[in-house]
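This report describes how the parts of one protein model pack together. Please look over the sequence and the structure before reading on.

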Amino acid sequence: SGWVDGMCKALGVRERIKDDKVRSIASVLKSGKVTELLGGLPKESGDALHFILERGGVVKYSQLSGKFGDEIGFFWKEHPPKSAVGILRLHGFLYVGKMAQDNSGRLYRVAFVPEELREPLSAACKEWDLE
């Protein structure tokens with residue numbers, strides 16, 4: 001819940017109940033404010049986002065964190081992340097999970113941009129000249 005609260009603070013969501021917060025976060029991300037939100041991020045976060053998007057929106061987390069760092073704590077509202085990857089996660093542009101990336105069936109820790117955000121974020125990257 002600390003991460004959800006941090007995302008709310010970063011995105012200007014003011015709901016009080018967790019389910020309402022999550023719905024509002026999703027609404028903000030789908031609202032078309034992506035360009036505006038991306039423009040307020042540090043260039044290194046934009047570079048990390050471009051790195052992921054040019055690889056189809058999914059990368060092994062080790063590749064991403066090795067190149068851009070990944071300092072992340074648990075209390076995002078009180079201590080928001082400062083790394084490029086952490087800032088993307090704080091703003092809801094990037095999520096981390098496990099996924100099979102080859103035919104072996106082995107699960108890898110991956111970072112991914114939600115499919116619904118890939119096109120608008122790619123367009124925003126072009127607009128902000130992050131290619």
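At what angle do helix 4 and helix 5 pack, and how far apart are their axes? The angle is about 150°, and the axes of helix 4 and helix 5 are 11 Å apart. That makes helix 4 roughly antiparallel to helix 5. The model is a predicted one, in which local features need pLDDT of at least 70 and side-chain atom pairs count only at pLDDT 80 or more, while totals for chains, interfaces and linings use all residues. Residues are numbered from 1 along each chain as its sequence is written, and side-chain values use heavy atoms, with hydrogens and water left out.

**Terms for helices and packing**

Helices (H or I, at least four residues) and strands (E, at least two) are DSSP runs, numbered from the N terminus. Two packed helices are described by the angle between their axes and the distance between the axes. Axes are lines fitted to C-alpha atoms, for helices over the stretch in contact, and angles run from 0 to 180 degrees between N-to-C directions. Angles under 35 degrees count as roughly parallel, over 145 as roughly antiparallel, 65 to 115 as roughly perpendicular and the rest as oblique.

**Helix pairs**

| Pair | Angle | Axis separation |
|---|---|---|
| Helix 4 and helix 5 | about 150° | 11 Å |
| Helix 1 and helix 2 | about 45° | 10 Å |
| Helix 4 and helix 7 | about 125° | 10 Å |

Helix 4 and helix 5 cross in a right-handed sense; a crossing is left-handed if the near helix is turned anticlockwise from the far one by less than a right angle, and right-handed if clockwise. Helix 4 brings Glu44, Asp47, Ala48, Phe51 and Ile52 to this contact, and helix 5 brings Leu64, Lys67 and Phe68; contact means heavy atoms within 4.5 Å. By class, the contact of helix 4 with helix 5 holds 5 nonpolar, no polar and 3 charged residues. Here Ala, Val, Leu, Ile, Met, Phe, Trp, Tyr, Cys and Pro count as nonpolar, Asp, Glu, Lys and Arg as charged, and the others, Gly among them, as polar.

Helix 1 and helix 2 are oblique to each other, and their crossing is left-handed. On the helix 1 side the contact is made by Val4, Asp5, Met7, Cys8 and Leu11, and on the helix 2 side by Lys18, Lys21, Val22, Ile25 and Val28. The classes in the contact of helix 1 with helix 2 are 7 nonpolar, no polar and 3 charged residues.

Helix 4 and helix 7 are also oblique to each other, with a left-handed crossing. Leu49, His50 and Leu53 of helix 4 meet Arg118, Leu121, Ser122 and Cys125 of helix 7. This contact of helix 4 with helix 7 has 4 nonpolar, 2 polar and 1 charged residues.

Buried means under 20% relative accessible area, exposed over 50%, and partly exposed in between (1.4 Å probe, protein chains only). The buried residues are Ser45, Gly46, Ala48, Leu49, His50, Phe51, Ile52 and Leu53. They pack against helix 3, strand 1 (58-60), helix 5, helix 6, strand 3 and helix 7.

In soluble globular proteins, nonpolar side chains tend to be buried together. A nonpolar core is a set of buried Ala, Val, Leu, Ile, Met, Phe, Trp, Tyr and Cys residues joined through side-chain atoms within 4.5 Å. The largest one here has 33 residues, of which Ile25, Leu49, Leu64, Phe93, Leu94, Val113 and Leu121 touch the most other members. At least two residues of this core come from each of helix 1 (2-11), helix 2 (18-30), helix 3 (34-39), helix 4 (43-53), helix 5 (61-68), helix 6 (84-90) and helix 7 (115-127). Helix 4 gives the most, with 5 residues.

**Single residues**

Not counting residues up to four places away in sequence, the residues that Phe93 touches include Leu29, Val34, Leu88, Phe112 and Leu121.

Val34 lies in helix 3 and is buried, at 3% relative accessibility. Leaving aside neighbours within four places in sequence, Val34 is in contact with Leu29, Phe93, Leu117, Pro120, Leu121 and Ala124.

Phe112 belongs to strand 3 (residues 107-112) and is partly exposed, with a relative accessible area of 25%.
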